[in-house]
Amino acid sequence: MNKTEFPKDFLWGTSISAYQAEGGLLDGGRKESVADYSTRKEGYADNSVTSDFYHHYKEDIALLGELGAKTFRFSLAWPRIIPDGEGEINPEGIRFYHQVLDELEKYGIEPIVTLFHYDLPLTLQKKYGGWKNRAVIDAFVDFVRVCLTEFGGRIKKFLTINEPDILTMYGGHGLDFAGKEEFAETKLIINHHFALAHARAVRLCHELVPDAMIGPVFGYVPVYPATCDPEDVIAAKNISDIQNSFFQELFLNGIYMENVLQFYEGRCLPPDIEAGDMELLQSAKSDLIALNYYKSDVAKACPEEEEEREMGGNIGGKKGTFVYAKMPGYYEMCPNPMLRRTDWDWEIDAAGIRCMLRDVYYRYRLPVIITENGVAAFEHYEGETVEDDYRIDYHRKHLAACKKAIMEGVDLIGYCTWTFIDLLSTGHGFCKRYGLVYVNRTDEEELDLKRVPKKSYYWYRDTIKNGGADL
Ligand code: BG6
């Protein structure tokens, strides 16, 4: 391969998830999921209609075809396929995803499919209390078996659980259905169950669809030390171990990092490791690593005698309202004076994606794919298109950094923008838009849901066409 170019078979793509884009909540036999509750927030749209991909998929995939996308990353909604989470399979749900796959095939677009993107069927939450109960792992494996059997002939890249790291660190997304305190106490148990569910899905995939690839999806956030003071370097390492390496080591090597387990002592219950668990985790060898990248962090040392401070998210998109966490004896997070931030205070850092790619690839030596990368903005459509030059700038710089990582030897097989069409953000409604394609609705009103390609859509189309030659 000429290392100064993107590989010829590079998977240029874009991404959505089921609960954030589909809508059609109770259509076609789908039943409720925890996401249908976690997205109900005062002043914001919920996921009942969102971008209505469920009814617009043909039109949307035609736009993907015109874009020249080589891949499309989406998720299969568990409550659409097995509405109660276990037991009866819903033929209409199966049919819907076959129709989506038919459309993708028409345009020669390879599907990359996430098996769990936050939409736990509500019945399982009510019956078992959610992921903290091992019974949910069995139900998930049965769901995966159905997906592999039904779609394994057509889908050759599967991803297991979306961002177990972000879920464990910050909760939400229905994990705290029974209350924030319960989640805070059981988060390592839940994460252990995610890891077991992942491992069993990997093994099942290798057994049932041996020509497919399967792997985890991490939401990696690189951490820089605030200065070259060695204490700041240790602080950055502390939080990076807690939010990044801990999960990669567990999901990819079946190992618990002792320093992170020590950090959690007294803060929450330890993982409920049973006989055979660690062997199972170690036996499940992933074929690829999917990475979602948005931003980087900065940390400095925090003396023991300081007071702890919880992270406070910037929910409303009012720049400067983010509250940086402080963990005495471990780290204090702080803003990066070298970087610009979005309205939601997410640092814009193209070099960070290169740091991440080198770190992950050279530690695990597996093909990597970027399954999410994008920038959010408040946007309005006034007649023609949306002039999102900032998004073009963001993707151009991040793709250029990816290209450098490829030149440095990283086996990066693809890149998906987050998102393809505007959709419901995980915490901030519909007004926090990431799409290459504008969807005409607001948090308050559904409007006509018209699809309008933004300027970034045309830029990405040209970039795909020339194989990233201008990057
Ligand atoms: C990732 C998730 O963590 O971040 C997506 O996989 C999510 O589901 C994306 O939408 C952006 O986060 P947010 O909160 O801006 O929607």
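## Aromatic contacts at a glance

The charged end of arginine 80 sits over the ring of phenylalanine 96, 5.6 Å from the ring centre (the test: NZ of Lys or CZ of Arg within 6 Å of the ring centre and within 35 degrees of the ring normal). Bear in mind that this is a predicted model, where local features need pLDDT of at least 70 and side-chain atom pairs pLDDT 80 or more, while totals for chains, interfaces and linings use all residues. Residues are numbered from 1 along each chain as its sequence is written, and side-chain values use heavy atoms, with hydrogens and water left out.

**Another charge over a ring**
- Arginine 441 lies over the face of phenylalanine 430, 5.1 Å from the ring centre.

**Aromatic pairs**
- Searching the whole structure turns up 34 aromatic pairs (ring centres of Phe, Tyr or Trp, using the six-membered ring of Trp, within 6.5 Å; planes under 30 degrees apart are stacked, over 60 edge-to-face, the rest tilted).
- Phenylalanine 116 and tryptophan 131 make an edge-to-face pair, with 5.2 Å between centres and 70 degrees between planes.
- Phenylalanine 116 is in strand β3 and tryptophan 131 in the loop between α6 and α7, so this pair ties together parts 15 residues apart in sequence (helices are DSSP runs of H or I, at least four residues; strands are runs of E, at least two; numbering starts at the N terminus).
- Phenylalanine 116 is buried at 3% relative accessibility, and tryptophan 131 is buried with a relative accessible area of 3% (buried is under 20%, exposed over 50%, partly exposed in between, with a 1.4 Å probe and protein chains only).

**Cluster**
- Trp78, Phe116, Trp131, Phe140, Phe143 and Phe194 form one aromatic cluster.
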